[in-house]
Amino acid sequence: MPDTSLEPVDIRILDALQADGRLTNQALSAEVGLSTSPCWRRVRQLEEAGVIGGYQAALDRQKIGLGVLAFVRVKIDSHSETEAEEFSRSVARLREVIACYSIAGDSDFLLQVVSPDLDTYADFAMSVIRRLPRIKEMQTTFVLKEIKPFKGFPVGLG
């Protein structure tokens, strides 16, 4: 089921599950206006198509001791595919890096990093990030306040 084939009921299902992934099929079907069997089949189709990639709890990072949220822009020495893949593999192993994107512009990658505090972040940045393969330059931007943290994708825009 490609994203362009989402029907209005699929969008309602995805919105509801992003808001509360623990909804029972009965509660979900009532919320989206389907009977339980067709609702269950639609959810299964969305899962099998990879539109729904899994279910997880949304945690409050500060309440679990991760007071620092930072974005790190990274430039690497070379733009060869091999070196970019080597960097990507290295970053994928770092628990502190919660997201990593290959980007266009004056940097090659954008990392989203969490840490308990500034001192711990500084140690991680200097002893781990700076030592990743082929790093030419890195620049950190610290989040002072989360205005609109990620809560889910706006289904139906595409």
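# Helix packing and selected residues

Biologist: At 61% relative accessibility, does Gly33 count as buried or exposed?

Modeller: In this predicted model, Gly33 is found in the loop between α2 and α3, the latter spanning 36–48. A residue must have over 50% relative accessible area to be called exposed. Because the relative accessibility of Gly33 is 61%, Gly33 counts as exposed.

Biologist: What distance separates the C-alpha atoms of Gly33 and Met138?

Modeller: Along the chain, Gly33 and Met138 are 105 residues apart.

Biologist: Which residues of α2 meet α1, and what is the handedness of the crossing?

Modeller: On the α1 side, the residues in the contact are Val9, Arg12, Ile13, Ala16 and Leu17. These meet Leu28, Glu31 and Val32 of α2. The residues of this contact divide into six nonpolar, no polar and two charged. As for the handedness, the crossing of α1 and α2 is right-handed.

Biologist: Is Glu31 buried or exposed?

Modeller: Glu31 is found in helix α2. Leaving out residues up to four places away in sequence, Glu31 touches Ala16 and Leu23. Its relative accessible area is 52%, and the cut-off is over 50%, so Glu31 is exposed.

Biologist: How far apart are the C-alpha atoms of Glu31 and Ser88?

Modeller: In sequence, Glu31 and Ser88 are 57 residues apart. Their C-alpha atoms are separated by 40 Å.

Biologist: How are α2 and α3 oriented to each other?

Modeller: The axes of α2 and α3 lie 9 Å apart, and the helices pack at an angle of about 100 degrees. Angles from 65 to 115 degrees fall into one class. The two helices are therefore roughly perpendicular.

Biologist: Which residues of α3 meet α2?

Modeller: From α2, the contact uses Asn25, Gln26, Leu28, Ser29 and Val32. By class, the contact has five nonpolar, four polar and no charged residues. The residues on the α3 side are Thr36, Cys39, Trp40 and Val43.

Biologist: How do α1 and α3 pack, and which residues of α3 make the contact?

Modeller: Their axes are 11 Å apart and the angle is about 80 degrees, and α1 and α3 are therefore roughly perpendicular to each other. On the α1 side, the contact is made by Val9, Asp10, Ile13, Leu14 and Leu17. The residues of this contact divide into seven nonpolar, no polar and two charged. From α3, the contact is made by Cys39, Arg42, Val43 and Leu46.

Biologist: How many disulfides does the count give?

Modeller: Cys39 has a relative accessibility of 0% and counts as buried, whereas Cys100 is partly exposed at 32%. A disulfide would need a pair of cysteine sulfur atoms within 2.5 Å. By this rule, the number of disulfides is zero.

Biologist: Which residues does Pro116 contact, apart from its neighbours within four places in sequence?

Modeller: Pro116 lies in the loop between β3 (109–115) and α5. At 42% relative accessibility, Pro116 counts as partly exposed. Pro116 and Glu96 are 20 residues apart in sequence, and their C-alpha atoms are 9.8 Å apart. The residues in contact with Pro116 are Gly65, Leu66, Gly67 and Val68.

How values were computed
Residues numbered from 1 in each chain as written. Predicted model: local features only at pLDDT ≥ 70, side-chain atom pairs only at ≥ 80, totals over all residues. Heavy atoms only, no water. Left-handed = near helix turned anticlockwise from the far one by under 90°. Helix = DSSP H or I, 4+ residues; strand = E, 2+ residues; numbered from the N terminus. Contact = heavy atoms within 4.5 Å. Nonpolar A, V, L, I, M, F, W, Y, C, P; charged D, E, K, R; others polar. Buried < 20%, exposed > 50% of the residue type's maximum accessible area, 1.4 Å probe, protein only. Axes fitted to C-alpha atoms, helices over the stretch in contact; angles between N-to-C directions. Parallel < 35°, antiparallel > 145°, perpendicular 65-115°, else oblique.
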